[in-house]
Amino acid sequence: MEADLLVTHGKLITMEGDEGLQWLAVKDGLIAAMGRGEDYLPLVGEGTRLIHAQGATVLPGIIDSHFHLVQTAMNEKSLDLSGCHSVEEVGALIQRQVEKRPNDGIFGVGLSNEFLKNGNYPKRQVLDALSNEVPIWINSNDYQVSMLNTYGMLYYKIPYRLEGIEYDEKGVATGIFRGKANAALRTGILDSYPNGKRMENISRLMNNLIRVGITTVNAMEGGYMYSDKDAHFIYEHMEEFPVELTLFYQSLNLDLVEEMQLRRVGGSFYIDGTIGARTAALTASYADAPEEMGSLIFSQGELDEFVASCYRHRLQLSLYAIGDRAIDSVLKAHQRALYYTGIGGLRHRIEHSCLVRPDQVERAAEMGLIFSMSPTYELYWGGPEGMYHRRLGEGYRRTNPLRSVIRGGAILCGGSDSDICDYNPFLGIHAAVNHPVEENRIDLMEALAMYTINGAYAIFREEELGSLAVGKQGDVLVLDRDLLQTDPESLREVTVAYTIKSGAVVYEGGDGPC
């Protein structure tokens, strides 16, 4: 056999338990052979592409298990307000944008009231002072809040009959939108994006994904707070990109999902909200707001009925639940559905699960539920100085308890939740290994499993993806270093030298092995 591609002189982490392998060969898009030393020499032919790994780690391609693809692609060209610590800083960035493109609307993302000095989002009068000749639309970093200037309120046709619109003492809208009003506003605006712009921005994003080693993405698209047009766009074009896409359609319409021949439904199918907005449903009060415990979006009866319907349709279901009260609601619905239908093996998922308790992990593991979590949250909001501590007090020690999920016997996969967080998977791996709460940390191999073999299992692809083994798809990364000899505190600095998708080199870094 003449190999199409050979990666030699590497240190393979196969995720299959094989030790000491140093090379692999790819033929017709699949891994055809693996070995040690120079046993690969008979596989070298005139047409063989050789990559010398120079002792660096060779990994399976990364699977990002929770990614808002269209949202990320569209927002990469938006005005980034994540570094703003005052309304004045927000204003300076907007003013600069207005001066550069005076006729274009302003779309700002990433603003956090946690970082603003007075903790208050800018209202329409503040935004009007910056510009009232183009619409200004600002999103909070978790997309739970929208801010508009007066022009924007007129331009975007505000749904004034919905809950979540903030009014001043005179009964006039302040330009701050939350809850159902925010969701309807976002969906209306996102629906207006032309598909040509979707394609342009996603194509640009793909280059960045393969640069950081992502070869497969679980695309969470459509539904509440998003646009169904995004889901249908991904459905129609998913074969056209260098990164493999698995669509999670966030729709209540199961007949439509079946008509599209999708095997799964959900993703960011919201059961509650976020800790930052104090809308994540807790069993205890927030430390900084004792009168608040968050809220559930569905009654238990409504959730029970929907979950049971997914079982009967034999659809894998992925539900978003942050707080422990929301997770309780999800577990009750699954227990009821499993009891009444007797249908197992669907690998249902709970997304994020930031405040999952050990007893909940045990119940979930018994039912075969998978936890899809985002370790990078801890880099953004964890530790004694972070937002979790401000909202939860000492409860911050219970956020994203990765170790207890694994020790409790549940499957744990990892995603970035882009573009809420940076999509570089090595930030997630770093955060999992260096969780600010020591008892929640996991080891490097467990962290890698989250983004490889467990990610494959979570989409029924473990026979094809997620590890390096003969017969599996040739999704391979060559890193810039030996991962097992890397200081755990430096994992976030790891870069990719080569990304190989189905045997084809789709990214080649300038400073890596050659």
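Helix H6 passes helix H7 in a right-handed crossing. In this predicted model, H6 (residues 195-211) and H7 (residues 228-237) pack at an angle of about 65 degrees, and their axes are 11 Å apart.

**Helix pair H6 and H7**

- On the H6 side, the contact is formed by Asn195, Arg198, Met199 and Ile202.
- On the H7 side, Lys229, Asp230, Phe233, Ile234 and His237 take part.
- By residue class, the contact of H6 with H7 comprises four nonpolar, two polar and three charged residues.

**Helix pair H9 and H10**

- Helix H9 (residues 300-312) packs against H10 at an angle of about 45 degrees, with the axes 8 Å apart.
- The crossing of H9 over H10 is right-handed.
- H9 contributes Gln300, Leu303, Asp304, Val307, Ala308, Tyr311 and Arg312 to the contact.
- H10 contributes Ser329, Val330, Lys332, Ala333, His334, Arg336, Ala337, Leu338 and Thr341.
- The contact of H9 with H10 divides into eight nonpolar, four polar and four charged residues.

**Helix pair H10 and H11**

- H10 (residues 324-341) also packs with helix H11 (residues 358-367), at an angle of about 30 degrees and with an axis separation of 11 Å.
- Because angles under 35 degrees count as roughly parallel, H10 and H11 are roughly parallel to each other.
- H10 passes H11 in a left-handed crossing.
- From H10, the residues Asp324, Ile327, Asp328, Leu331, Lys332, His334, Gln335 and Leu338 meet Gln360, Arg363, Ala364 and Met367 of H11.
- Five nonpolar, three polar and four charged residues make up the contact of H10 with H11.
- Lys332, His334 and Leu338 of H10 are among the residues that meet H11, and these residues of H10 also belong to the contact with H9.

**Enclosed helix H15**

- Nine of the nine residues of helix H15 (residues 425-433) are buried, so H15 is largely enclosed by the rest of the structure.
- These buried residues are Pro425, Phe426, Leu427, Gly428, Ile429, His430, Ala431, Ala432 and Val433.
- The N-terminal end of H15 is capped by Asn424, which has a side-chain oxygen 2.9 Å from the backbone nitrogen of Phe426.

**Buried threonines in strands**

- Thr57 belongs to strand S6 (residues 57-60) and counts as buried, with a relative accessibility of 1%.
- A polar atom of the Thr57 side chain lies 2.7 Å from the backbone nitrogen of Leu483.
- Not counting residues up to four places away in sequence, Thr57 touches Lys11, Ile13, Leu477, Val478, Leu479, Arg481, Asp482, Leu483 and Leu484.
- Thr499 is located in strand S22 (residues 496-501) and is likewise buried, at 0% relative accessibility.
- The side chain of Thr499 places a polar atom 2.6 Å from the backbone oxygen of Ile210.
- Beyond its neighbours within four places in sequence, Thr499 is in contact with residues including Ile210, Gly213, Thr215, Val476 and Leu477.

**Exposed residues**

- Glu366 is part of helix H11 and is exposed, with a relative accessible area of 62%.
- Glu133 occupies the loop between helix H3 (124-130) and strand S10 (136-140) and counts as exposed at 68% relative accessibility.
- A C-alpha separation of 9.7 Å relates Glu133 to Val98, 35 residues apart along the chain.

**Backbone features in loops**

- Ser418 and Asp419 are joined by a cis peptide bond, with omega about 10 degrees.
- Asp419 lies in the loop between strand S20 (411-414) and H15.
- His9, a residue other than glycine, has a positive phi near 55 degrees.
- The loop between strand S1 (5-8) and strand S2 (11-12) holds His9, which is partly exposed with a relative accessible area of 35%.
- Ser502, also a residue other than glycine, has a positive phi near 50 degrees.
- Ser502 is situated in the loop between S22 and strand S23 (504-508) and counts as partly exposed at 33% relative accessibility.

How values were computed. Residues numbered from 1 in each chain as written. Predicted model: local features only at pLDDT ≥ 70, side-chain atom pairs only at ≥ 80, totals over all residues. Heavy atoms only, no water. Axes fitted to C-alpha atoms, helices over the stretch in contact; angles between N-to-C directions. Helix = DSSP H or I, 4+ residues; strand = E, 2+ residues; numbered from the N terminus. Parallel < 35°, antiparallel > 145°, perpendicular 65-115°, else oblique. Left-handed = near helix turned anticlockwise from the far one by under 90°. Contact = heavy atoms within 4.5 Å. Nonpolar A, V, L, I, M, F, W, Y, C, P; charged D, E, K, R; others polar. Buried < 20%, exposed > 50% of the residue type's maximum accessible area, 1.4 Å probe, protein only. Polar contact = N/O pair within 3.5 Å; in protein donor to acceptor, adjacent residues only side chain to side chain.
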